[in-house]
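Please read it alongside the sequence and coordinates shown below.

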Amino acid sequence: MDKQYLTQQLMQFFDQYQANINWDLYQTDIQMHMLNKGDCLLRQGERSANMFFLCSGLVRYYSVSESGKEYTQTIAKSPRLVGSTRALTLSQPALFSIEALRASTAISFPWQPFYQQMSQDLAFTQAYAMFLESIFIHKEQKEHAMVKHSATQRYLDFCRDFPELKDTLPQQQIASYIGITPIALSRIRTQLKTDQR
């Protein structure tokens, strides 16, 4: 893969939200990131002026508490923009790490030039706004599930949304993503196997 091909993927990602973007305005240097499983694009506590675009693969956002407990917050599939809004807009340390769950490819580019170029094109701005809306909707749905759905239903939702991870992601990571302990997850899995007999 070369930079031109990966940049085309970024363009196609935005074009799905708004087809009239003037890509002639988009002039920014990108960096390529070839990630192995376990590699991080961004680490908790780092400052970053770059936005990332996940071209292929799968990542998770996770944070570690002061006591050393790890929490999986989000799992993101390509193609998708990923990064820390706090780090980009406030120049503050990221509150989470972004780790590849399998071999992945990403590009990064400086946020401020990107934002300035985007603000010159109404279609580009609208596409970005629609992308943010999709993120907010997903977050709202996850928060609703945490409050209203049983732990079993949240696990079943996880298996539906990420079938490729249900048997490969460590139990602790799945448990923290759906808001339960690994012991509780083990009980749910055992009960589901019993119910299927």
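Phenylalanine 13 counts as buried because its relative accessibility is 4%, where buried means under 20% relative accessible area, exposed over 50% and partly exposed in between (1.4 Å probe, protein chains only). Phenylalanine 131 is likewise buried, with a relative accessible area of 6%. The model is a predicted one, in which local features need pLDDT of at least 70 and side-chain atom pairs count only at pLDDT 80 or more, while totals for chains, interfaces and linings use all residues. Residues are numbered from 1 along each chain as its sequence is written, and side-chain values use heavy atoms, with hydrogens and water left out.

**Aromatic pairs**

The structure holds 19 aromatic pairs. Rings of Phe, Tyr and Trp (its six-membered ring) pair if their centres lie within 6.5 Å; planes under 30 degrees apart count as stacked, over 60 as edge-to-face and the rest as tilted. Two of these pairs are tabulated here.

| Pair | Centre to centre | Angle between planes | Class |
|---|---|---|---|
| Phenylalanine 13 and phenylalanine 131 | 5.5 Å | 70° | edge-to-face |
| Tyrosine 61 and phenylalanine 96 | 4.7 Å | 35° | tilted |

Phenylalanine 13 belongs to helix H1 (residues 3-15) and phenylalanine 131 to helix H4 (residues 122-148), so their pair ties together parts that are 118 residues apart in sequence. Helices (H or I, at least four residues) and strands (E, at least two) are DSSP runs, numbered from the N terminus. In the other pair, tyrosine 61 lies in strand S4 (residues 58-64) and phenylalanine 96 in the loop between helix H2 (85-90) and strand S7 (97-100), so parts 35 residues apart in sequence are tied together. Both tyrosine 61 and phenylalanine 96 are buried. Ring pairs also link a cluster whose members include Phe13, Trp23, Trp111, Tyr128 and Phe131.

**Charges over rings**

A charge sits over a ring if NZ of Lys or CZ of Arg is within 6 Å of the ring centre and within 35 degrees of the ring normal. The charged end of arginine 60 is placed in this way over the ring of tyrosine 62, 4.1 Å from its centre. Lysine 142 has its charged end over the ring of tyrosine 177, 3.8 Å from the centre.

**Helix H5 and its neighbours**

The axes of helix H5 (residues 151-161) and helix H6 (residues 171-178) come within 10 Å and cross at roughly 115°. Axes are lines fitted to C-alpha atoms, for helices over the stretch in contact, and angles run from 0 to 180 degrees between N-to-C directions. On the H5 side the contact involves Ala151, Arg154, Tyr155 and Phe158, and on the H6 side Ile174, Tyr177 and Ile178, contact meaning heavy atoms within 4.5 Å. Within H5, Arg154, Tyr155, Asp157, Phe158 and Cys159 are buried. The buried residues of H5 pack against S5, H4, H6 and helix H7 (182-196).

**Backbone and overall form**

The peptide bond from serine 78 to proline 79 is cis, with omega near -5°, and proline 79 is found in the loop between strand S5 (70-77) and strand S6 (80-82). Serine 91, in the loop between H2 and S7, has phi near 55°, a positive value in a residue other than glycine.

The chain comprises 7 helices and 8 strands, and its C-alpha trace spans about 60 × 35 × 30 Å along the principal axes. Of its 197 residues, 42% count as buried. Among contacts between residues at least 6 apart in sequence, 69% join residues at least 24 apart.
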